Each structure stands twice: as structure tokens, then as C-alpha cells.
Amino acid sequence: MQHTFQSGRGMVTSPHHLASQSGLSILKQGGTALEAVVAMASTLCAVYPHMTGIGGDAFWLVSYPDGRVEVIEACGAGALQGSIDAYRNAGHTTVPWRGGWAANTMAGTVSGWQLALQQSASIKNPLPINALLEDAIWYAENGYVVSESEAELLASKQNELLQNEDFAQSYAPDGKLFQHGMVRKNPALGHTLRQLAQDGLQSFYAGTTAQNLLQDLQRISSPLSSEDFSSHEAVFRKPLAAKLKHAQLYNAPPPTQGVASLAILRLFEKLGVQEGVGFAHIHGLVEATKQAFLFRNAHVGDPRWMTEDAQAFLDNEELCTELAHKIDMQRASPWPQPSQAGDTTWMGAIDSSGVAVSMIQSLYFEFGSGVFLPQTGVLWQNRGASFQLEEGAWNAFVPGRKPFHTLNPALAHFDDGRVMVYGTMGGEGQPQTQAAVFTRYAHFGMPLQQAVTAPRWLLGRTWGSESQSLKVESNMDAGVVAKLEKAGHPVERVAPFSNMMGHAGAIVRHADGMLEGAADPRSDGCVAAF
């Protein structure tokens, strides 16, 4: 059995061990948790490029020692010069998943780093930006070892991805795809990161880097323009909150699905489940997920277009009780419903002062839009592929509108003084895995690492699959699986420690300052601490 890692000074966790080491290095230099997360995030851009990059978006959830919690929303909006008619005139009835027309939203990641570092500087003297990006620059310029997950996704999606000539040049320079264990370099990304360190992060949006990005985007017919770059900024948001019996939970507000994550846990608590490893636990969470997703699917998107308030939904005790009463603890309710895919990285850090960060950063699909921009070495996201090309439809494409986001970082303040940051990649699975990890640890007393490692489940689609089955890892207790099937769940068994179950992680800071952390054996990551 894997043991939970413990330390007393500072701790990070991420889905790649090299990124975790980058974060720990910053903490050891006296950096804040915010600075450590920027270091981890940048290293992940270099060594985990199928999952994340500076061409994507991010959301930060930050807890301060005085109890304040805030969200940094670093997500881009739909192209200001784009339109539904432009897509139709180009022959598209839906937004494509790959190619220039899929690269239709601004990338917000770097603006999130910038705002996080401004906050960090208000806490203590900042470390130089080149120190934070040092590891990422080295791995981009000198090479990193291609992970098994990157190699597998590259092979499985090559027919889509290699249609982009620049992508093919980077990932199959001699006509052969990079394999697991090979060393890949991305010198253009290294140069871009050096330029950002030299000119400042704002140069991603207004400077040489911005010009190079825009030239390559326009060459492949992206609807993004210079106005999208110059008008973009990350912003602070008030987090969503939900009170449970022994903890106050926080998550990111719309356009993310954070409301679904909190609603699952609100509804589950009302079910009164007493045991944490059996049928009632899993069935209860799956059924709570269905109720939460019905609200999410009907209402959540850019809040400027929403007709329902997410926080009001969570605060409505009568409605939450009514939805919980709809759950039959013996029978599965009908499903499917529309769902979202996505590939992402979650990372967490807590420093010695008690600043705690839960951060999630993504390109949306694996390798994003598949558009590799050769001047900068950046892969651009395809988050706007979720837009619909129908006037007035849910999440319809409108210039300047932010798309619906699966991304949602999670954080909890316990009544006994503990602070917990937790999260996962996995699109549709993010709220479900968050609920599994949190309830195992907080409701049923499971050790933190075991809560992350134990067999998981997933309702709905992930990794591009249209399946709506209840997927369970095959090392789950056979008796529990049999009860799920008997209750009417369309169970589909998948391999143990499957990537489709996400790459979860968590860190808990106790009231006395002791830290404990967990990383997911399904990922390439680890906890790093001192």
C-alpha cells in the first residue's frame, strides 16, 4: 500500500515528477506556493505537452492564512472577429476539434501566472521570473523523456494530429513518431519562455511573442486577431462555496463546472451514507452526479449569458433536499446526457506560511487543437470546440464569449483548522473524482494517498469517447460491481489505474502546520516536500 507523504515546511504535488521537483526547488528558495505553482506549470508545459501548455487556459483557487479564498480566472474568450457565419462560409456546421478553426479562443494561462505572481509579490519579495521558468526552459531546449501517456496518445491520435505539417515536423521529424522513452526537444518553446522571462509575461499578449503567435495562428486560418491578444486579461473572481457539516468547500465559478463538483457533495451528504467502500457510497455519488450534471448541462457557461445563479443553486436548501429525495438508493436513474471531454493538469502547493493553491491548466483535448505554432513552439488549445454554431443555443459561439469549461480546482476549509487542496484532470470526470477523493478522506477517514489510489469510476464520456456507461476500474471489489449492475448501472470494466480516470492529487495542511500529500499512480507525478 502506498503511504501518504508528510512534511512540515512546504509541499507540492503534480502529475509529472519533474514538475513537482521544480515546485519544491522554488519553495526551498523561499518562494511562495503561488511561485511554486508557476514553476510547476511551466515545467509541465515542457514535459507534459499533450496535457497542458501556454497556449491553453487555467483557473487558480488560492487560500490565504487569514482565511480569504479567491479565484484567478485565466481563460480566453471567443475570437472577436469570429462569427457563426464565418464558420458556415468555411464549410463547417460544427466547430472542428482540430486545426486552425478549432483555435478560436484566446489563451489565458500566462495571464494567470502574471496575476498569481502579482499576488505573491504582495506577500513577500518575489523570486526572479527566470528562476521560476529555469527548469521549463532547460527541458524545452535540452530535451525531456517522452512519457508513456504522451506516446500512447500521440500514436492513437496521429491521423488527426499529423495533418498539421508543423505538428508533424515537431513530433515525427523523420517520419517516425516519438516513442515512450525517447528524448524530444522543443527549442522554439525554450526560446519563447526565455523571451517571456526577459520581456515580462505581458509580452505574451503585447510584444514580440504575441506577434509571432499571431502570425502563425493567422497562417492556419485561426479567427483570432491582434485585438484578442491586446484585450485579454486574467481577473479575480469570488469562489463558489458550499457548507458541509464539518467543512466549507470552495470551487471555481462559471464558466467552469465547479458548481457541479460542489453540488455532488452537497447532495451526497443528504443521503446519509455511512460506509465508504461499498455500493451505497459509489451509487450515491453517481446518482448525485446525475442531478448535478442536469443543472450544469442546462445552465452553466459564460455567466453573462446564464439565466440561473450557480451560488444561489448551491445555497437553496429546499431545492437541494428535493434533488436528494429524487435519488433512489437502490436503483440507477436513467442516463445519458450530453457531456464534455478534456485533458488537463491539476497541481497543488502549500507553503510554510499556509498559502494554499489548487490550480488547473489545460489545452482541452490531448494536444489541444493539434496546431503547433513553429515560431514559438506552442500548441494552441481547442477549448472553443465546445461552442455551438446555432444562434441562441446553449454555449453558442458569440465573439468575446467565454466557452463552458470542464476545468475546476477544489479546496476545503475544515472546521478543525485543516486546509485541503485537491483536483484532477479528466474533463467529465473531474467533479466525480473530486467527490470520490474528498468523501473517502473527509467522510470516511481513508488515508489521503489511499483515497487517491483506490479504484475509481466514471459516468459518461472521456478521452474523446462517446460512451455513456459507468466505467469502473476492474480491480474494484467484485461484489460492489455486481450490486451496481443489479441496480441498473450500465457497468463497463476498464483496466486498473486507467488514464481515463484522471490524474488526481491532494495536499492537506493540519492546524499545527503538518502537511500530508498524495499523487496519483495513474500519472507520472509525485509529491515533493521538505
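This is a predicted model: local features need pLDDT of at least 70, side-chain atom pairs count only at pLDDT 80 or more; totals for chains, interfaces and linings use all residues.
1. Residues are numbered from 1 along each chain as its sequence is written, and side-chain values use heavy atoms, without hydrogens and water.

2. The largest nonpolar core holds 83 residues. A core here is a set of buried Ala, Val, Leu, Ile, Met, Phe, Trp, Tyr and Cys residues joined through side-chain atoms within 4.5 Å. Buried means under 20% relative accessible area (1.4 Å probe, protein chains only). Helix H2 (residues 33-47) gives the largest share of this core, 12 residues. Helices are DSSP runs of H or I, at least four residues; strands are runs of E, at least two; both are numbered from the N terminus.

3. Met359 is among the residues with the most contacts inside that core. Beyond its neighbours within four places in sequence, its contacts (heavy atoms within 4.5 Å) include Trp60, Trp113 and Pro409.

4. Strand S17 (residues 470-473) points Leu470 and Val472 one way and Lys471 and Glu473 the other; all are buried. S17 pairs with S16 (residues 457-459) in the antiparallel sense over 3 bridges. Pairing needs at least two DSSP bridges between the strands. S17 runs parallel to S18 (residues 491-494), joined by 4 bridges.

5. Gln291 lies in helix H13 (residues 279-299). Gln291 is buried, at 12% relative accessible area. Leaving aside neighbours within four places in sequence, Gln291 touches Leu267, Leu323, Lys326 and Ile327.

Definitions and conventions
Buried means under 20% relative accessible area, exposed over 50%, partly exposed in between (1.4 Å probe, protein chains only).
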